[in-house]
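Here is my note on the model, as a few numbered points to read alongside the coordinates.

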Amino acid sequence: MKKKLGILFVFIVGFILIDQLIKFGIKSNFTEGQSQPLLGNWLVLNYIENPGMAFGTTFGTSIWAKLSLSIFRIMAITAIGYYLWLELKKGSNFEYLIAISLVFIGALGNLIDSMFYDFIFTFDPCNYYNYMEGTGNFEKCIQTIHGQEYSRSIEVRHHGFLLGNVVDMFQFNVQWPTSIPYVGGKQIFPAIWNFADFCISSGVGMILIRNRTYFPKEKK
């Protein structure tokens, strides 16, 4: 058990570091909406910030809505971590433990953004991804255009601990053939995602595909 625990610990910490290093690199070096090819033309880096869950889904614009989402994430991560510990003690299939760990990594990686990024990076009211109508939180945006300074008050998201955006950057640039009705010429998978999302999807996919291996039926 100690050996498996050590391997899982290194695996989890290593993948969280990869997720955070990618996000730090993108947020530090890209401007809002910047895009560039990564693997040919079919996979691109497209920097955006997500204020809520997958595909920008939110619980509303109030501070309590965002806090509720972050608290839900914390509860889910705690439950997944506890379940992983129980399965480890039970001696479950190690590949299954890896799959659970991937889901744990993804959830924790995105929570870290919400918890700390508003402190690590300077909050810019002028940044498009910080604009959120309906919050009632107005801040002054100062911009210099052609050497002249302009100031305006805009409505931005609430920011601070557990209130940060999640950084996304990967996008498949693959389109349906134009000959296909209704979807022809449109992107097959338009969503923009990050390494943490990839971990969650991989973990869930492994569980769905390999469930017979992870949960073998007892022979009568």
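1. Strands E3 and E4 (residues 148-155) run antiparallel and are joined by eight bridges. Two strands are taken as paired if DSSP finds at least two bridges between them. Helices (H or I, at least four residues) and strands (E, at least two) are DSSP runs, numbered from the N terminus.

2. A word on the ground rules, since this is a predicted model: local features need pLDDT of at least 70 and side-chain atom pairs count only at pLDDT 80 or more, while totals for chains, interfaces and linings use all residues. Residues are numbered from 1 along each chain as its sequence is written, and side-chain values use heavy atoms, with hydrogens and water left out.

3. The link is right-handed, with 120° about the S-S bond. Buried here means under 20% relative accessible area, exposed over 50%, and partly exposed in between (1.4 Å probe, protein chains only).

4. There is also an open sheet of three strands, in the order E1-E2-E5, with antiparallel pairing. Strand E1 (35-39) and strand E5 (166-172) are at the edges with a single partner strand each, so one side of each has no neighbour in the sheet. On average, neighbouring strands are turned by 40° against each other, direction ignored. Strand E2 (residues 43-50) and E5 are joined by six bridges, and Leu43 has Phe172 in E5 as its bridge partner.

5. Now to the helices. H1 (residues 2-29) and H4 (residues 195-209) pack at about 145°, with their axes 9 Å apart. Axes are lines fitted to C-alpha atoms, for helices over the stretch in contact, and angles run from 0 to 180 degrees between N-to-C directions. On the H1 side, Phe15, Ile18, Asp19, Ile22 and Lys23 meet Phe195, Ala196 and Cys199 of H4; contact means heavy atoms within 4.5 Å. The residues of this contact divide into six nonpolar, no polar and two charged. Cys199 is buried, with a relative accessible area of 1%.

6. Which residues have the most contacts inside the largest nonpolar core? They are Leu8, Phe11, Ile12, Leu84 and Ile105, in a core of 26 residues. Such a core is a set of buried Ala, Val, Leu, Ile, Met, Phe, Trp, Tyr and Cys residues joined through side-chain atoms within 4.5 Å. H1, helix H2 (63-90), H3 and H4 each give it two or more residues, and H3 gives the most, with twelve. Leaving aside residues up to four places away in sequence, Ile105 touches Phe11, Ile12, Phe15, Ile16 and Cys199. A second, separate core has eleven residues, including Leu43, Tyr117, Val167 and Phe170.

7. Met115 is worth a look in helix H3. Met115 is buried, at 16% relative accessible area, and touches Gly160, Phe161 and Leu162, not counting residues up to four places away in sequence. Met115 and Asn165 are 50 residues apart in sequence, yet 9.1 Å apart in space, C-alpha to C-alpha.

8. Finally, the overall picture. The chain has five helices and five strands, following the pattern α-β-β-α-α-β-β-β-α-α along the sequence. Its C-alpha atoms fill a box of roughly 80 × 50 × 30 Å along the principal axes. Of its 220 residues, 39% count as buried. Among contacts with a separation of 6 or more, 63% come from residues 24 or more positions apart.

Methods. A disulfide is a pair of cysteine sulfur atoms within 2.5 Å. Ala, Val, Leu, Ile, Met, Phe, Trp, Tyr, Cys and Pro count as nonpolar, Asp, Glu, Lys and Arg as charged, and the others, Gly among them, as polar.
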